[in-house]
Amino acid sequence: QVQLVESGGGLVQPGGSLRLSCVASGTIDSIYLMGWYRQVPEKQRELVATISRSGNTNYADSVRGRFTISRDNVQNTLLLQMYSLKPEDTAVYYCNARSFSDVALNRGGHWGQGTQVTVSS
């Protein structure tokens, strides 16, 4: 089992910055792909960014160039640096961890509890 704990959410003005952190514990050697997803009420959870164990990244078009995902395999920490935040970035942000077999079999993997990000003046 993998446990994920997010932190770093909060209220920020449009144009501001935030950094989200996710600390993984448990059977972390099984983790292949980590990522951030977000969800607003009555909408499906959507991909924000993912990063593989080797550092390959993937971003949603809506955040590319504004958000940076990074991963510290020694500290077992996943980060999401968010710049130029917009009101439409407001959501609950979830950390996700998947094993290689989770990815191959299209399984959801493990999720954190979520952290609220609110972009508003």
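Predicted model: local features only at pLDDT ≥ 70, side-chain atom pairs only at ≥ 80, totals over all residues.
**View 1. R38 pairs with D89.** The two side chains form a salt bridge, with the closest N and O atoms 3.0 Å apart. The pair links distant parts of the chain. R38 sits in strand β4, residues 33–39. D89 sits in the loop between β8 (77–82) and β9 (91–98). The partners are 51 residues apart. Are they buried or exposed? R38 has 6% relative accessibility, so R38 counts as buried. D89 is buried too, because its relative accessible area is 0%.

**View 2. D89 also pairs with R66.** Here the N to O distance of the salt bridge is 2.8 Å. R66 lies in the loop between β6 (57–59) and β7 (67–72), while D89 lies in the loop between β8 and β9, so the bridge ties together parts that are 23 residues apart in sequence. Both D89 and R66 are buried.

**View 3. Shared partners make a network.** Which residues are joined by salt bridges that share partners? R38, E46, R66 and D89 form one network.

**View 4. D61 pairs with R64.** Their side chains meet in a salt bridge, at 2.6 Å from N to O. R64 has 46% relative accessibility, so R64 counts as partly exposed.

**View 5. The model as a whole.** How many salt bridges does the count come to? The count is five. Among them are R38 with D89, D89 with R66, and D61 with R64.

How values were computed
Residues numbered from 1 in each chain as written. Heavy atoms only, no water. Salt bridge = Lys/Arg side-chain N within 4 Å of Asp/Glu carboxyl O. Helix = DSSP H or I, 4+ residues; strand = E, 2+ residues; numbered from the N terminus. Buried < 20%, exposed > 50% of the residue type's maximum accessible area, 1.4 Å probe, protein only.
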